[in-house]
Amino acid sequence: MAETSSAKRKSGSNGESTRTGLSEDSIRRAFLDNLFYVQGRFLEVASLNDKYKALAYTVRDRLLHRWVGTVRAYQEKNPRTVCYLSAEYLPGPYLGNNLLNLGIEAPTRRALAGLGIDLDELLAHEEEPGLGNGGLGRLAACFMDSLATLQIPAVSYGIRYEFGIFNQTIVDGGQVEVTDNWLRYGNPWEVRRPNIAYDVHLGGHTEQYHDADGRFRVRWVPGETFHGVAIDTPILGHGVNTVNLLRLWTAEAAEGFDFHAFNRGDYYGAVVREVRSETISKVLYPNDEPEIGKRLRLLQQHFFVTCSLQDMIRIHQTTGQPLERFHEKFSIQLNDTHPAIAVAELMRLLVDKHQMEWDAAWQVTRNSFAYTNHTLLPEALEKWPIPLFQNVLPRHLEIIYEINARFLDEVRLRYPFDGARVERLSIIDENGPRHVRMAHLACVGSFAINGVAELHSRLLRETVLRDFYELWPHKFQNKTNGVTPRRFVMLSNPGLSRLLTDTLGPSWENDLARLRSLERHADDPAFQERWRRIKRERKEALAATIAARCGVTVDPASLFDVQAKRIHEYKRQHLNVLHIVTLYNRIKCDPSIDIVPRTFIFGGKAAPGYAMAKLMIRLINAVGEVVNRDPDVAGRLRVAFLPNFSVKTGHVLYPAADLSQQISTAGKEASGTGNMKFSMNGALTIGTLDGANVEIREEVGAENFFLFGLNAEEAARTLAGGYRPWDIYNGNLELKSVIDLIGSGLFAHGDRNLFRPLVDSLLQYDPYLLLADYAAYIECQDRVGAAFRDPARWTRMSILNVARMGKFSSDRTIGEYCRDIWRAQPVPVEAG
C-alpha cells in the first residue's frame, strides 16, 4: 500500500512526474507535496511565506532536473567555459522569471487558483536578493540570462552577501538607510554545497626556500585562514534546457567553535574566530571611507576570487588535462576592477601551489583573463594603499611587484626615452602615498579590454587607458551593453508582450531584430489605439503604486516623466529639479498658463556617505512637497520619489514611463542600461550624447529622440577653458529666478541654509555643467510637451522606439563576447 501511494506521488493520472511535470495537475500535486513535506504545513494553516516557498521548491525541482542534464552534456563535450567574476549581481525576484523561462506561468496560475491561491500574491511576497547595487550587478544578471538562453557553458561567481547594500526609506524628505535582511525567511532557490569549500588565507608573511629540485620558491605563511563554501543558484535559459550556475561564496571559520576557550570560561573567545570570518560575506559594499572598511572591501575581493579560481582549477583537473592548458578550458571575464586581484592570485596558485615555472604560469594567466571597464571617472578606478595591501595580502604584493618589474622592462624597450610614460603605466602609483592600481593590473594581465558603449570605449582609448591602448591597440574592443527582453518586456509588460506576439508571432523575445517589423504598424490608427491602451494600463498600475508608497495621487493621463537611477551629481537629477522649479515659476507668474500636465517620478539610492547626493534627494522631496500642495498648480504638476528603487520597482516603472530622462553630463556615463529598458517599453528619451544614448539615438532615429546639451568634447573644452557658471546664472533671468527660489528657503520651510551647499556648488564650480546645459534642456523639454499634445505623433515615436531596439538585447552583447573575446560555442542540452 505504501509503495502504491509513493508511486502515485511520483506520477499522476497523465503519467507525468510530480517532481518534473509541467502540466497543471503535476504542478498542483508538487505544490501540495512541497507544502507538506518541506514546509510541514497543510493548506488550511499555511502562511503566505509557506505557500511562496512551496511554489519556489516546486519550480526549483524543475530547474535542478534540467541542471543535471546540463552537467551531463558539459561532461560529455568538455566545452570551453565562460567564468564571469563579479562583486555584485542584481538578479531581481526569481519566481516570475523562472515560470516565464519554463513556460509554465499559465498552468501554475490555474493550479494555484484551483486551491484558492492568487499567484500574484506569491510573486509580490518574494524578497529581492540583496546581491547587488545598481547597473553593474543588473548587467551581470542580464548576462547570466543570455548566456543560458544562448546555451553557452558558463559559471557566474560572486559573494553570497547576508545583507544587501541597504533598504532606503524617506524620513522628513531625506534618505535613511535600513538593513536589507533579504535572507530573513531563507532563500529557497539556493543549494548549499558544503563539499565544495576552499581555504582562504590572509595576512602573515612569506618565506623563501628551495624545493627538492633546487628551484627558488616562496611560501605564504598566513596569519589567518578561513573557508569559502559554495552556494549555488540555478539559472535557466528561456525556452531551452540549459541551466547554468550562479555560484556564490559564503565565509566560514576554519574552526567554528573553540571548545578549549569555552571550557576556560572565555565564551566570547570561543566564537570570535567564527564571527570574524563570517563578517567577510556579511554585507555588500561596506563603507570604505574608514581604514577598516577599505580592509574589508579588499578582503571580500580576494575572498571570492581565490575561491572561484580554486574551483576552476578543481574542475579543470577533472578533465585530465594539464594546468598549462587551463586557459583553453576557461575564459574568465573580470567585471570591472573589483576582481582584478585574480591576476595575482592565479599566478600565486600556479607558481606557489602547483609549482609551475613563472613564464609558463604567466602565459596561462594572461591568456585566461579579459577585462571590462565600466567607468570614465578616474576616482572610480580602484587603488589600494601599499601598507594595507602588504598587511592583508603580502604574497600577492610580491607577485604584483614582479609582474610590474617585467612589464615595465617591456615598456622601456618600447619607449626607451619616455620615463613619464613608464610612470603612468606602472601598476604601482608612486605619486604621493604609494598605491596598487587595480585597473592597470587588469590591463597587464588580460588578453582583451573592452568598454561598454561605443563612446565609452573611444574615451577609454583617448583618456583613462590611453597609454595602454597605444601600447596594445589589439587588446581593445567595444561591447555595447544590452538588457534581457525576457524580464524587462515579457515579465514586466505582459500587455505589450501579448501585442508583440500577436503582431510578430512567437519567439520574438529570442530574436529582437524581429521588432523591426513593427515599423509598418507605426501609423495604423487601430494599432496605435491598442498601444496607447496598454501604456494607460501600466500607468494606472504605477499610479496605484505611487499612491500606496508615497501618498501622492497622480493622473495617469498626465505625461509620466521618469528618472530612475543611482543618485549622483553627474547623473544630474538636480537638473531635472531645475526644470520642475522652472515650470512652477511659470505657473506662479501666470496661473492661467497652458502647460502639459506632468508627473515627475524619481527613483534611486544615494551612497550613505555621499552628502551632496543625499541633499539632492532632500531637494526632490522638498520641491515635491510644495508643488503637490499648491492650489495654483493643481492638475498640472506632480512630483513623486519612489523609495528603495529595485528590480521589482522597475517592473512597474519601466512600462509606465512616457519620457525617460537620460541627462548625465556627456562623457561621464559608461553606458547605462536603464535607457534601454525604458525605450524597449515605448518611453521616449530626453538625453545627452552620453554612454549608450548615442547608439540608441542612431538606432531609433534623431527625430524620435529628444537631444540637448554639450557633447563630450564640448564639455571637456568648457571645463578646461575657465568655465564660469556665475556668468551663466547672471545672464539667464529664468535660471536666476529658479536658483534664487531654491536658495530663498521656499522649499525648506524658510531655512535658507538647507540647500546652500548645493546652490553654492552650482554657482561656484558646477563641475557637471548643469548651468551650461540648462537653457538647451528647458528648450528641449518644451519640445517634449509640444509633442505629447499630439497623441498620434507621440504614439508613432513610441512604436518606432520599440521597433528599433533590437540591438540592445543582451543576447546580442553576449553573442559578440562569445565570438570576439571568449571563443565560446553553444552546447545544446537535450530534454531529460
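Author: A disulfide is a pair of cysteine sulfur atoms within 2.5 Å. The structure holds zero disulfides. This is a predicted model, in which local features need pLDDT of at least 70 and side-chain atom pairs count only at pLDDT 80 or more, while totals for chains, interfaces and linings use all residues. Residues are numbered from 1 along each chain as its sequence is written, and side-chain values use heavy atoms, with hydrogens and water left out.

Reader: What makes C307 count as buried, and C550 as partly exposed?

Author: Buried means under 20% relative accessible area, exposed over 50%, and partly exposed in between (1.4 Å probe, protein chains only). C307 has 0% relative accessibility and so counts as buried. C550 has 25%, and therefore counts as partly exposed.

Reader: How do you know that Y37 is exposed?

Author: Its relative accessible area is 53%, so Y37 is exposed.

Reader: Which residues touch the most other members of the largest nonpolar core?

Author: A nonpolar core is a set of buried Ala, Val, Leu, Ile, Met, Phe, Trp, Tyr and Cys residues joined through side-chain atoms within 4.5 Å. The largest has 139 residues, of which F303, F389 and I403 touch the most other members. Apart from this core lies another, of 68 residues, including I587 and Y729.
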